[in-house]
Amino acid sequence: MKLITAVIKPYKLDDVRAALDAFGILGVTVSEASGYGRQRGHTEVYRGTAHRVELLPKTRLEILVEDSDVETVVDVILKAAHTGMIGDGKVWVVPVDEVHRVRTGERGAAAL
Amino acid sequence: MEIDSGSTAWVLTCAALVMLMTPGLAFFYGGMSRAKSVLNMMMMSLGSIAVISVLWVLVGYSLTFGSGSGPLSPIIGGLDTVGLTSILTGENNAIEGLPDMAFAAFQMMFAIITVALISGAIADRARFGAWMVFAPVWALLVYFPIAHWVWSADGWIFNLGAIDFAGGTAVHINAGAAALAVALVVGRRKGFGTDDGFRPHNLPFVLLGAALLWFGWFGFNAGSAVAANTTASIAFVNTQVATAAAAGAWMLVERLRFKGATSLGFASGAVAGLVAITPAASTLDPIGSIILGLIAGAVCSFAVSLKYRLGFDDSLDVVGIHLVAGVIGSIAIGFLATGAVTSVTMAEETNGLFFGGGLSVLITQVIAVVAVLLYSFVASFIIAKVIDMVMGFRVREEVEVDGIDQVHNESAYEFTGMHGTGAFGAETPASSNGTAPGEPVKTEQKVEA
């Protein structure tokens, strides 16, 4: 099993969710995140004084999948979150040792 | 003279309008401060309501508008109306056609907001206790005397012939100069000029506050006619157009300098316009008021940057807006006063330089401006310095960094828990200091300022 983490532009969340849904992914954890990459921040002006806003709002998705689905799910996310502009975000994959479903106690692939 | 019921109703209504300005100011200032110090910021305005209302009734009205005696009468009023007991049923003594109490009520609100205005200079770092001492002492030694100079029939500036319709000198230059003095005594905040965290935490609050100030300001300016008459109507229109023009001018300057107009710029420009028209609302025509508003909005949008160049931490720009716009409005009378208006609104027709009146009005206005500015700055500096030496005007650095709201035993916003459930970082119901819910806090647990 693998954990796919994606950090994307917030306004792309709906597109990515729709795409994942169409693929048949049953659960996603979404959280608000902030950070910076190549895009850096932006400048705001208050009464003539410039303030750098270094951290930009992003949306983080976490999805647990079976090894066989990893490549396709990553592709789905990459396609749905893509704008071609700087700041589109990143997707990465890490191995997962165990998964348990709290309600039933199921383990492994059955808990996904 | 009979009591004029229309005028009495108007002046009492205006007193309530001016009262609303101080909570409005609390929102205006509170929105501009940081999330961790918004309550302290608002409390300084509210504290002014609490203490100055009482002080005004006790001695303020008497020292400001009471009949002075002998050589002191141009400087300070007497004690003949202390406690207001002697004017309870008085009529026509203060203003023709009005119960004396109506005028006393109206003027009370001016004293409250003038004191509150100063607090914008010392956001995030002033001990609340020190502020609550400063407020009445400053009113006693600075506001009451200056308001007496400017508005009492015995006052020396009044008798000089200087024009201050609703408080350009007595309120705004006065509060602005005091703000500069107090900011210098209290000192710069940690991170001033370098820390990017110093930005408004709630701009909608700022806009709400500006809206309440604008609304209340009709009471401030049109009410200063102290009658329901033509002067009030002219002042009303002038107030609206000068304010609108100033808000527009500030946004335009921003658009040209920074490629974007801001909501804070609109609100700041509006207040600059309100301040500038305050002394001049009864002497300019609406076209002159628009010109004044454009100048005030544009100039103040640059003036607010002065503190970084000169190195004083006037946190919310009381100097850059109230002092500067107060000076602009007071001086503008010397140029833009027009007989078309003053022949109706004043005892005698008065013209500024641009309307063939010569230099005399301008010179008188400059004297009034300089006198108020100097006295207020020096006296305020001394008062603040003494308070600082005796009890300390500033909180400890740790309190300043963690957020001054903690000295009020409150926090403005409950953001610690996810969806308000207290899931992250919130204290457990029986809190860590051993106090059960509902149990009074032991005094030694109070955070020390």
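1. B:Val390 sits in helix H14 of chain B; helices here are DSSP runs of H or I with at least four residues, strands are runs of E with at least two, and both are numbered from the N terminus. The model is a predicted one, in which local features need pLDDT of at least 70 and side-chain atom pairs count only at pLDDT 80 or more, while totals for chains, interfaces and linings use all residues. Residues are numbered from 1 along each chain as its sequence is written, chains are lettered from A in the order in which they are written, and side-chain values use heavy atoms, without hydrogens and water.

2. B:Val390 also belongs to a nonpolar surface patch, together with B:Val133, B:Val378, B:Ile382, B:Val386, B:Met389 and B:Met391. Patch members have over 30% relative accessible area and no salt bridge, with nonpolar side chains joined within 5 Å. The accessible area of this patch comes to about 630 Å² together (Shrake-Rupley, 1.4 Å probe, only the protein chains shown counting as cover). Helix H14 (residues 360–390) is the main contributor, giving five residues.

3. On to the interface: ten residues of chain A and 18 residues of chain B take part in the contact (heavy atoms within 4.5 Å). The two chains bury about 1100 Å², 53% of it on carbon and sulfur atoms; this is the accessible area (1.4 Å probe) lost on being put together, summed over both parts. On the chain A side, A:Tyr46, A:Arg47 and A:His51 lose the most area, together 63% of what that side buries.

4. One salt bridge is counted between chain A and chain B (a Lys or Arg side-chain nitrogen within 4 Å of an Asp or Glu carboxyl oxygen). A:Arg47 pairs there with B:Asp317, the closest N and O atoms being 3.0 Å apart. Strands S3 (42–46) and S4 (49–53) of chain A each supply at least two residues of the side touching chain B, and S4(A) has the largest share, five residues.

5. Over all chains there are 14 salt bridges. One of them joins A:Asp88 and A:Lys9 (3.6 Å, N to O). A:Asp88 lies in the loop between helix H2 (70–81) and strand S6 (89–95), and A:Lys9 in the loop between strand S1 (2–8) and helix H1 (13–23), so the pair ties together parts 79 residues apart in sequence.

Terms used:
Patch = residues over 30% accessible without salt bridge, like charges linked within 9 Å, V, L, I, M, F, W, Y side chains within 5 Å.
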